[in-house]
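Here's a quick tour for anyone opening this structure for the first time. Take a look at the fold, then read on.

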Amino acid sequence: MSSSTQSPQSPKSPKGKVTSPAPAVAPTPLSAEAQDAAGILPATYWTEQPLPEEDVDDGASSLGSFNSTTASLSTSIYRYREVHGRTYHAEIGNAESWEPNDQRHVDAMEIVHHAILVHMGGKLYFSPLEQKKVQKVLDIATGAGLWAVDFADEFPNAEVIGTDVTPIQPSWVPPNVQFEIEDCNQQWTWPANTFDFINLRSLMGVVDDWNALYRNAYRVAKPGGYVECYTTSSRFLSDDGSVKEGSSLDQWGRVFREGGKKLGRTFSVYEEDLQRKCMEAAGFVDIEFKDIQVPIGVWHPEKEEAERGLWWKLAVEADLEGWINYMWNAVLGWSPDEAKAFARHLKRDLNNPKIHGYFMGRVAWGRKPE
Ligand SMILES: C[S@@+](CC[C@H](N)C(=O)[O-])C[C@H]1O[C@@H](n2cnc3c(N)ncnc32)[C@H](O)[C@@H]1O
């Protein structure tokens, strides 16, 4: 977290872009046949396997009805859907998020921020930015807003704007940060040639058209400005076969990938090489990549690698139910108890030193020509 002088801010409201409220119903779950075809095991596979009772904290699973409901709070940007006791943003266009926006999940997002920093060797970016030249910065889908806050600390003379569809950002932030409510899947409203740096971090399952996202970024980047995108792969792999087909780690990726297809917002950004393809198509040049392997859990014998894995494990465990709630309930149609049984197996596997799972992270950056 940042240590700079901070001042209270609140997110700006949407810039007249709300055309219709989001549907207040969950998507129809995938059929049993479709789940089977995608290699997704049925809920009974997990509920029928014995496991110790403890481990998964029930969090907010107050187990309401399966259908989402829209809570009636006073202003539109605070109108949330509720799925099995967790809240989700529901207001702008069709920007229905798969991630909860309640405090428990925001806490987990903050740990993810730290995990990514550890993952990137303490760096907030890899683009060759020049401190003196960076005046205006955009952080798309900023989440808990910590990247924007840390970047603003590092670049005190830059104005940093973080956007999101849901107002979960902190209110005490450095004076050079502001948060705005914006749907990144709509035409961006900033004028052309505005930003020196645009950050697109962890947008798996968020973006409905990656080409359009990069076209927007290209238009609003200043000539000579950079766009940078961090993504993780959607698969857990292992070099020794210890991540087995049908294991909880294997199923995690399958469900997210199928869920992403169903929602029209892919989780396979890494596998589909979208950073490269869409950056090139939009016109960015001097494109560079950095791939970093993350051994999930603490099995790796090297300290640095094990530390990366530890932070990601902590980030997942901080809100296991929140990460899976939407996909497993709304997309697969499982009951909360069934999802919870899966979560218990996942937690056990994340802590099993004999399972040598890892995933890939990729940072990709490019420059808008002068
Ligand atoms: C995985 S979090 C990433 C947060 C942040 N970029 C980071 O790296 O810490 C995804 C964020 O996207 C936001 N989001 C989902 N749909 C969005 C949309 N259409 N436009 C803007 N933000 C969106 C969610 O509210 C959530 O805060």
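What follows goes from the whole chain to its sheet and then to a pair of helices.

First, some ground rules: this is a predicted model, where local features need pLDDT of at least 70, side-chain atom pairs count only at pLDDT 80 or more, and totals for chains, interfaces and linings use all residues. Residue numbers start from 1 along each chain, as its sequence is written.

**The whole chain**

The protein chain has ten helices and twelve strands (DSSP runs numbered from the N terminus: H or I of at least four residues for helices, E of at least two for strands). Of its 370 residues, 50% are buried, meaning that 20 or more other C-beta atoms, placed from the backbone, lie within 10 Å of the residue's own. Among contacts with a separation of 6 or more, 73% link residues 24 or more positions apart (a contact puts two C-beta atoms, placed from the backbone, within 7 Å).

**The sheet**

Seven strands line up as β8-β6-β5-β9-β10-β12-β11 in an open sheet with mixed pairing; strands pair if DSSP finds at least two bridges between them. At the edges sit β8 (177-181) and β11 (285-295), each pairing on one side only. From one strand to the next, the twist averages 15°.

Strand β12 (residues 358-367) pairs with β11 in the antiparallel sense over nine bridges, and with β10, also antiparallel, over seven bridges. Seven of the ten residues in β12 are buried, so to speak "mostly covered". Here are some residues that face each other across these pairings:

| Residue | Opposite residue in β12 |
|---|---|
| Lysine 290 | Valine 363 |

Helix α5 (residues 210-220) lies across β9 (195-201) and β10 (221-232), running at about 150° to β10.

**Two helices side by side**

How do α3 and α8 cross? The axes of α3 (residues 103-119) and α8 (residues 303-317) come within 8 Å and cross at roughly 165°; axes are lines fitted to C-alpha atoms, for helices over the stretch in contact, and angles run from 0 to 180 degrees between N-to-C directions. That makes the two helices roughly antiparallel, a label for angles over 145 degrees.

On the α3 side, the residues that meet α8 include Ala108, Ile111 and His114, while those on α8 include Trp311, Trp312 and Leu314. Across this contact there are nine nonpolar, two polar and two charged residues (nonpolar: Ala, Val, Leu, Ile, Met, Phe, Trp, Tyr, Cys and Pro; charged: Asp, Glu, Lys and Arg; polar: the others, Gly among them).

Note on methods. Angles under 35 degrees count as roughly parallel, over 145 as roughly antiparallel, 65 to 115 as roughly perpendicular and the rest as oblique. A residue is buried if 20 or more other C-beta atoms lie within 10 Å of its own, exposed if 12 or fewer, and partly exposed in between; C-beta atoms are placed from the backbone.
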